[in-house]
Amino acid sequence: MSEKLIMETEDKFMANVYAKRPVVITHGKGAVVWDVNGKEYIDCGGSYGTCVVGHCHPKVVEAIKRQAERLISCHGSLYNDVRAKLLEKIVSIAPKGLNKVFLSNSGAEAVECAIKLARKFTGKTEIIAMMGAFHGKTMGALSATWDRKYRDPFKPLVPDFKHVPPDNLEKIKEALTDRTAAVIVEPIRGEGGIRVPPEGFMEGLDEICKEKGILLILDEVQTGFGRTGKIFACEHWNISPDILCAAKSVAGGLPIGLTIARDYIMECLKIGEHSTTYGGNPLVCAAACAAIDVLLDEGLPGRAAVLGKYFKERLQELQSKHRLIREVRGLGLMLGVEFKFEVLSIIMKALDRGVIVLDAGKNVLRFLPPLVIEKDQIDQVISVLDSILKEEESDRLSSTPSYKNA
Ligand SMILES: Cc1ncc(COP(=O)(O)O)c(C=O)c1O
């Protein structure tokens, strides 16, 4: 199929719910993907953060091939060797005390399970989430998500979800009632603009939850698996969540969701109260086992810390050169650059020049590259952004006389 025909076919038959970029990606390796014409791109979107170990990591590919020849499908009602291996690995790297896992197929599903778990375990209904939060788009997860553009068309949502201003312990305290089951929070808000919480917030939140007997649910779907420089972002703080959700990168790019909880919490779910047909299928489990081995053997969280610091410093250099940038923020290789204007034009120009980058809200560029990205690839990304910003600056100066005050 030609590039044009591929695009036309997707546009014709696929639900029109993705803001499509006009490229047809056909293969990838490490931090690089290629389009149907052979053009190379440095992938700072990492397929929305799923490619922590890089595209088509040879060990993940090998594990998938080997497992595909043995067994692809095995429902959770039967035991399976690879699934057992994966569960053991997950618990061995999970924060202390989180030792029981529900396996599903996506981030939203991981959150759905956490919500059900919190309600069943506590016998209470209220869930407190943050303004600006993103937890997915299925009805339960959507009820915890903040953005009105995602929520409003689907009301009424699940009742008893409350949103409070983020990073504000007093507002959380005020929102608690004797019907509150849990607080759900992203350690770093991803979709919400790459927002790292202020010092003391996570510890304070943990303390409030412990004091009031409320469950703390961490949504590490985007921050988990090495992205921020630790295996889980919660390790940056001295906190102990009751339930942790992960997904995206866990299986080297295949669909997976994890809800990891303390055993006595997970045990409140009885047979049949929660399940999903594909959850824990051997093919995905084999990929996830390999991806976890790669994460640990290649020291990827440490690499994210070192290269993330380098990338952030280089972005800050751009900020000092270009007045268009308002702020650079993030942790590890989860970085955001806030501009004084909408970033779509920058995203499209970058794409044209061989760099894939995401947005996080209208004004923020988001970088979630594979953790195997090389320093010289980061330098190339910086150089592309530098050239784009120079052009943007001169375009804006010539077209907007009052720009000086922007
Ligand atoms: C923090 C967070 N939670 C949940 C989700 C939903 O994950 P999925 O798209 O796999 O359903 C996302 C997706 O971006 C996310 O970033």
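Predicted model: local features only at pLDDT ≥ 70, side-chain atom pairs only at ≥ 80, totals over all residues.

Reader: What makes β11 and β12 paired strands?

Author: Two strands pair if there are at least two bridges between them. Strand β11 (residues 325-331) and strand β12 (residues 334-339) have six bridges, in the antiparallel sense, so they meet the condition. Among the partners, I325 is bridged to F339 in β12, and R329 stands opposite G336 in β12.

Reader: What lies between β11 and β12?

Author: They form a hairpin with two residues between them. In the turn, G332 has a positive phi of about 60°.

Reader: How do you know that β12 also pairs with β15?

Author: Four bridges join β12 to strand β15 (residues 364-367), and the condition is at least two, so this counts as a pair. The two strands run antiparallel, with G336 opposite R366 in β15.

Reader: Why do β11 and β14 stand at the edges?

Author: The open sheet has the order β11-β12-β15-β14, with antiparallel pairing. β11 and β14 (358-359) each have a single partner strand, so one side of each is left without a neighbour in the sheet.

Reader: Which helix lies across β11, β12 and β15?

Author: Helix α12 (residues 300-321) does, running at about 175° to β11.

Reader: How many residues surround the ligand, and which are the closest?

Author: There are 15, and the closest are S106, G107, A108, G136 and V221. The shell divides into six nonpolar, six polar and three charged residues. Its largest share, three residues, comes from helix α5 (residues 107-122).

Key: Residues numbered from 1 in each chain as written. Near = placed C-beta within 6 Å. Nonpolar A, V, L, I, M, F, W, Y, C, P; charged D, E, K, R; others polar. Contact = placed C-beta atoms within 7 Å. Axes fitted to C-alpha atoms, helices over the stretch in contact; angles between N-to-C directions.
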